Amino acid sequence: MHSSPLRIGPYELRNRVFVAPMAGVTDRPFRQLCKRLGAGYAVSEMAASNPRLWASVKTSRRTNHDGEMEPRAVQLAGADPAMMAEAARFNVDRGAQIIDINMGCPAKKVCNVAAGSALMADEPTAIAIVEAVASAVAGVPITVKIRTGPTPSQRNAVRLARDFERAGAAMIAVHGRTRACAFGGHAEYETIAAVKAAVTIPIVANGDIDTPQKAREVLMRTGADAVMIGRAAQGRPWIFREITHYLATGELLAAPCADEIRSVLREHLLDHYQFHGEASGVRSVRKHVNWYLCDRAGAQPFLARFHTLETPEAQLDAVDRFFELPVPPAVIDIDAANDKSYRQAESA
């Protein structure tokens, strides 16, 4: 395993376990929480390169890094080199320290406009984007998130990685699936190993890394410089400390106790409400609560009722009841919790 610190341009990272950018998930509260619990680096969820969208609430939130642990990295999605270059300048002016280019998202709404992983099938445009962005923000590290290729029969990640390095990329993250695979089947790591062997810049392995043991296995199989954790961190942000500890010592940390899980979840909820606003936050935090609790005893009936709650107070009170009551969580009276919060609001 690597013993020296990993750098992206001038920035020395705390460790080699990263948070993968995920649309609708890796907002600032989630990134901050993951970093506090051991992640060495995190990239924002993808932001639009179209200047007409820069002032939108969604895009401005996605590029908000106020108070975030450095380095601050913004991921951009788009298919026009000039527009991507302009978006990179705009975000650097707003405080971005690293620009990441999305060529890995397989979502239809992204690929249908020739962005995301669709760019891997248009190599000249993909290379032109990296060149344009690197030129536009000279001195700012440029990274790229890719897949192994458009389809299993067209794995071109090695060729593109070489071209991206020549175009100015400082690091490349590779998800071990093709665009056509989306998130189905299993990630393959042979292509990531071939990419690592083909370039001199750092390579990050991504895809199906969900345990400390799997992280070590993938690092050994690919020779990658770091691992990137995506879906396995949803509702489990402590996975980053588990992996970093295991990579450093070979020992597995004990799973967090119920009290710590409740504390982490409450911290996440409070930061989420503050960042998104109460009305929007109450709705958007539901998926996070589902991820935290879905595997715990009695969670399903609890969550079905929880998702009807409409205030932060009701949600927080229900979470406390879920962890505090010695009886199965399925019998928690969420309606009573909801009524209580409304009474408190009315008396304020």
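**Architecture of the predicted chain**

The protein chain has an average pLDDT of 88, and 85% of the residues score at least 70; pLDDT is the predictor's confidence in each residue, on a scale from 0 to 100. Over residues 327-348 the pLDDT falls below 50, and this stretch has 29 contacts in the model beyond near neighbours in sequence, a contact being heavy atoms within 4.5 Å. The model is predicted, and local features therefore require pLDDT of at least 70 and side-chain atom pairs pLDDT 80 or more, whereas totals for chains, interfaces and linings use all residues. Residues are numbered from 1 along each chain as its sequence is written, and side-chain values use heavy atoms, with hydrogens and water left out.

The secondary structure comprises 15 helices and eleven strands. These elements are DSSP runs numbered from the N terminus, with helices (H or I) of at least four residues and strands (E) of at least two. Of the 348 residues in the chain, 55% are buried; buried denotes under 20% relative accessible area, exposed over 50%, and partly exposed the range in between, with a 1.4 Å probe and protein chains only. Among contacts between residues at least 6 apart in sequence, 67% join residues at least 24 apart.

Nine strands form an open sheet with parallel pairing, in the order 4-3-11-10-9-8-7-6-5. Two strands are taken to pair if DSSP finds at least two bridges between them. Strand 4 (41-42) and strand 5 (47-48) stand at the edges with a single partner strand each, so one side of each lacks a neighbour in the sheet. Strand 6 (residues 73-77) is joined to strand 7 (residues 98-103) by four bridges, and valine 74 is placed opposite isoleucine 99 of strand 7. Helix 5 packs on the sheet, where strand 7, strand 8 (142-147) and strand 9 (169-175) are touched, and its direction makes about 170 degrees with that of strand 7. Helix 6 (residues 157-167) lies across strands 7, 8 and 9 and runs at about 160 degrees to strand 9. For these angles, axes are lines fitted to C-alpha atoms, for helices over the stretch in contact, and values run from 0 to 180 degrees between N-to-C directions.

Strand 11 (residues 226-229) is joined in parallel to strand 3 (residues 17-19) by three bridges and to strand 10 by three bridges. Methionine 228 of strand 11 has phenylalanine 18 opposite, and asparagine 206 also stands opposite methionine 228. Ala226 and Met228 point one way from the strand, Val227 and Ile229 point the other way, and all are buried.

Ile229 is also among the residues with the most contacts inside the largest nonpolar core, together with Met103 and Phe164; this core has 59 residues. A nonpolar core is defined as a set of buried Ala, Val, Leu, Ile, Met, Phe, Trp, Tyr and Cys residues joined through side-chain atoms within 4.5 Å. Helix 5 (residues 123-136) gives the most to this core, contributing six residues. A second, separate core of 24 residues includes Trp238, Phe302, Leu316 and Phe323. Residues up to four places away in sequence being excluded, isoleucine 229 touches Val17, Phe18, Val19, Ala20, Ile209, Ile239, Phe240 and Ile243.

Strands 8 and 9 pair in the parallel sense over six bridges, with arginine 147 opposite histidine 175 of strand 9. Six of the seven residues of strand 9 are buried, so this strand is largely enclosed by the rest of the structure. Histidine 175 is buried, with a relative accessible area of 6%. The side chain of histidine 175 makes a polar contact with that of asparagine 206 at 3.0 Å. A polar contact is a pair of N or O atoms within 3.5 Å; within protein, one must be able to donate a hydrogen and the other to accept it, and residues adjacent in sequence count only if both atoms are side-chain atoms.

The peptide bond from glutamate 70 to proline 71 is cis, with omega near 0 degrees, and proline 71 is found in the loop between helix 2 (57-62) and strand 6. Aspartate 208, in the loop between strand 10 (203-206) and helix 8 (212-222), has a positive phi near 65 degrees although the residue is not glycine. Aspartate 208 is partly exposed, with a relative accessible area of 24%. Helix 1 (residues 28-36) is mostly covered, with seven of its nine residues buried. At the start of helix 1, a side-chain oxygen of aspartate 27 reaches to within 3.1 Å of the backbone nitrogen of phenylalanine 30, and just after the helix glycine 38 takes a positive phi of about 120 degrees.
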